[in-house]
Amino acid sequence: ATLGIIGARGFTGAELLRLLNNHSSFELAAISSRQLAGERLNDHVEGVDFGDLRFEELSPEQTAEKKRYAYVLALPNNVGKPFVDAIDAINPDALIVDLSADHRFDVSWQYGFPERFRDAIANSRRIANPGCYATAMQASLWPLLGQLAADPHVFGVSGYSGAGTTPSPKNDPEVLRDNLLPYTLTDHLHEREVRHQLQRGLFFMPHVAAFFRG
């Protein structure tokens, strides 16, 4: 199946590219990045070989007009709507997987947690990928829901790749050295996501540590 990736400059896009590089069922036919337009994909992602495929700067309409079988939106939150609208209008039968949080609460999109929704995902054309912490929390809590005496408290620690590529204290190795940095201790997006999916209360305390991923 031919695949286009929109916005693959960050850590999430790079990890997806490594997975696709080893997957024989997909042909990566287009990759969009405004900042890297014209540059070879192989020069920016270690461990992949996509020949001379280069990043392109594509408008939402240009993206949809390429008529790919599937598109992956590897964009920041609240950025992907113009691309979804253009694909809906020009290539509505295409499959879209959105890696951002934009459609995780949208009932017209299938929530992409295969441990619970594998069959529904296989038959959907609009799939909202779960958040990282939300995936870990649901995988841990779903089997225990019938045994919980009260709303669970989750203490989370992640690597600083989760803070993205834009410099901040949350992805600065010097700030994090021998440290554990709490953040967004109230109303974290993934707390709301898991509450919505499990239909019960939850208290979530996320932290970032000095390791890169995991």
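Ser-158 is found in strand β8, which spans residues 153–158. The model described here is predicted. Ser-158 is buried, with a relative accessible area of 13%.

**Surroundings of Ser-158**

- Leaving aside neighbours within four places in sequence, Ser-158 is in contact with Tyr-133, Tyr-183, His-207, Val-208, Ala-209, Phe-211 and Gly-214.
- Ser-158 counts as buried because its relative accessible area of 13% falls under the 20% limit.

**The sheet containing β8**

- Strand β8 belongs to an open sheet of three strands, ordered β8-β10-β9, in which the pairing is mixed.
- The edges of this sheet are β8 and β9 (181–182), each of which pairs on one side only.
- Strands β9 and β10 run antiparallel and are joined by two bridges.
- Pro-182 has His-207, in β10, as its bridge partner; His-207 is also one of the contacts of Ser-158.

**Nonpolar cores**

- The largest nonpolar core comprises 23 residues, and those with the most contacts inside it are Ile-5, Leu-17, Leu-28, Ile-31, Leu-41 and Phe-50.
- Two or more residues of this core come from each of β1 (2–6), α1 (11–21), β2 (27–32), β4 (70–73) and β5 (95–98).
- The element that gives the most to this core is α1, with four residues.
- Beyond its neighbours within four places in sequence, Leu-41 is in contact with Leu-17, Leu-28, Ile-31, Phe-50, Leu-53, Arg-54 and Phe-55.
- Another core, of 15 residues, lies apart from the largest one and includes Phe-113, Ala-134, Leu-202 and Phe-204.

- Strand β1 is mostly covered, with four of its five residues buried.
- β1 pairs with β2 in the parallel sense over five bridges.
- Within β2, Ala-30 stands opposite Gly-4.
- Thr-63 has its place in helix α2 (residues 60–65).
- At 4% relative accessibility, Thr-63 counts as buried.
- Not counting residues up to four places away in sequence, Thr-63 touches Ile-6, Leu-58, Tyr-71 and Phe-83.

**Salt bridges**

- A search of the whole structure finds 12 salt bridges.
- Side chains of opposite charge can pair when their charged atoms come close.
- One of the salt bridges joins the side chains of Asp-43 and Arg-40, at 3.0 Å from N to O.
- Asp-43 is exposed, with a relative accessible area of 53%, whereas Arg-40 is partly exposed, at 24%.
- A second example is formed by the side chains of Arg-126 and Asp-88, at 2.9 Å from N to O.
- This pair links distant parts of the chain, since Arg-126 is in strand β7 (residues 126–128) and Asp-88 is in helix α3 (residues 81–90), 38 residues apart.
- Arg-126 is buried, with a relative accessible area of 13%, while Asp-88 counts as partly exposed at 38% relative accessibility.
- The side chains of Asp-151 and Arg-200 also meet in a salt bridge, at 3.0 Å from N to O.
- Asp-151 lies in the loop between α5 (132–141) and β8, and Arg-200 in the loop between α7 (189–198) and β10 (203–208), so the pair ties together parts that are 49 residues apart in sequence.
- Asp-151 counts as partly exposed at 33% relative accessibility, and Arg-200 is partly exposed with a relative accessible area of 25%.

**Nonpolar surface patch**

- A nonpolar patch on the surface is formed by Phe-155, Val-157, Leu-180, Leu-185, Met-205 and Phe-211, with about 500 Å² of accessible area together.
- Met-205, one of the patch residues, has its place in strand β10.
- Met-205 is partly exposed, with a relative accessible area of 31%.
- Phe-211 belongs to this patch and is also in contact with Ser-158.

Note on methods
Residues are numbered from 1 along each chain as its sequence is written. This is a predicted model: local features need pLDDT of at least 70, side-chain atom pairs count only at pLDDT 80 or more; totals for chains, interfaces and linings use all residues. Side-chain values use heavy atoms; hydrogens and water are left out. A nonpolar core is a set of buried Ala, Val, Leu, Ile, Met, Phe, Trp, Tyr and Cys residues joined through side-chain atoms within 4.5 Å. Buried means under 20% relative accessible area, exposed over 50%, partly exposed in between (1.4 Å probe, protein chains only). Contact means heavy atoms within 4.5 Å. A salt bridge is a side-chain nitrogen of Lys or Arg within 4 Å of a carboxyl oxygen of Asp or Glu. Patches are made of residues with over 30% relative accessible area and no salt bridge: like charges are joined within 9 Å, nonpolar side chains (Val, Leu, Ile, Met, Phe, Trp, Tyr) within 5 Å. Accessible areas come from the Shrake-Rupley method with a 1.4 Å probe; for residues, only the protein chains shown count as cover. Two strands pair if DSSP finds at least two bridges between them.
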